[in-house]
Amino acid sequence: MPVSRPSSAHVRAKRQRRRTEILHSALRAFRARGYHATTLEDIAAQLGIRSAALYHYFPDKDAILYACHREALAEVGRVLVEAKAKHATAREQLRHAIQEHVRVMTDTLEGSALALEVSALSPRRRAEVVAERDRYERGLREIVQEGMRRGEFRTVDPKLAVFAILGAINWIVRWYRPPPDGATGPAELGVHFADHLVQGLTSP
């Protein structure tokens, strides 16, 4: 009787799950020890595997950090598209973007990739990540500018306003602890941040 083999789709899904586990493990290690002090052995130890197994997925630590940034930036990029598709007003679009960005920072890939220094990346990868980050920032500025044009937001410097928003959100990973260690879950935290940050821009 022939032995059934896993389908290619099953193999790809299994590989993707393991890849995601590695990224989660890496982010926890980077946050606890710092990128430069973290070794591949540290990352592998959290997964209970040999460090040699990591090379089936990533050639080096730089590639892992790059993948963390790419995953997180792709997620917040989708957030912007979703915000504009779901909401008609700039105010609600910005609320949606802030709430979901907070979710990414506290839940998706444990978010800390977006708060890590990109200077640790190789020059080529750093340039790609910075370009993608700049596109996201421009998208937020466009929402703020549209809100000003419609009279939903008071007149501000859009660039500084977005830097203030991103600075507040990116700092979350420095202090946030999810339940049961912390008192506030990602969804509730996102609502609080959206309330405060959007209110600061809203026209009286």
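What follows is a short chat about a predicted model of one protein chain.

Reader: How many helices and strands does the protein chain have?
Author: The chain has 8 helices and 0 strands. Along the sequence the pattern reads α-α-α-α-α-α-α-α.

Reader: What box do the C-alpha atoms fill?
Author: Roughly 70 × 45 × 40 Å, taken along the principal axes.

Reader: And what percentage of the residues count as buried?
Author: Of the 204 residues, 43% count as buried. The accessible surface of the chain is about 11,300 Å², and carbon and sulfur atoms hold 53% of that.

Reader: What about contacts between residues at least 6 apart in sequence: what share join residues at least 24 apart?
Author: That share is 69% in this chain.

Reader: Switching to charges. How many positive and negative ones are there?
Author: There are 32 positive and 24 negative charges, and their mean positions lie 5 Å apart.

Reader: How many salt bridges does that chain have?
Author: The count comes to 15 salt bridges. One of them pairs D62 with R125, with 2.5 Å between the closest N and O atoms.

Reader: Are D62 and R125 buried or exposed?
Author: Both D62 and R125 are buried.

Reader: Which residue does R124 meet in a salt bridge?
Author: R124 meets E128, at 3.0 Å from N to O. The two are 4 residues apart in helix 5, so about one helical turn separates them.

Reader: Is R124 buried or exposed?
Author: R124 is exposed, because its relative accessible area is 51% and the cut-off for exposed is over 50%. E128 has a relative accessible area of 27% and is partly exposed.

Reader: What does E132 pair with?
Author: E132 forms a salt bridge with R135, and the closest N and O atoms are 2.4 Å apart.

Reader: How many residues apart are E132 and R135?
Author: They are 3 residues apart in helix 5, which means a separation of about one helical turn. E132 is partly exposed at 22% relative accessible area, and R135 is partly exposed at 43%.

Reader: Which residues do salt bridges with shared partners join into one network?
Author: E75, R78, E100 and R103 are joined that way.

Notes: Residues are numbered from 1 along each chain as its sequence is written. This is a predicted model: local features need pLDDT of at least 70, side-chain atom pairs count only at pLDDT 80 or more; totals for chains, interfaces and linings use all residues. Side-chain values use heavy atoms; hydrogens and water are left out. Buried means under 20% relative accessible area, exposed over 50%, partly exposed in between (1.4 Å probe, protein chains only). Contact means heavy atoms within 4.5 Å. Accessible areas come from the Shrake-Rupley method with a 1.4 Å probe; for residues, only the protein chains shown count as cover. Lys and Arg count as positive and Asp and Glu as negative; His and the chain ends are not counted. The place of a charge is taken as NZ of Lys, CZ of Arg, CG of Asp or CD of Glu. A salt bridge is a side-chain nitrogen of Lys or Arg within 4 Å of a carboxyl oxygen of Asp or Glu.
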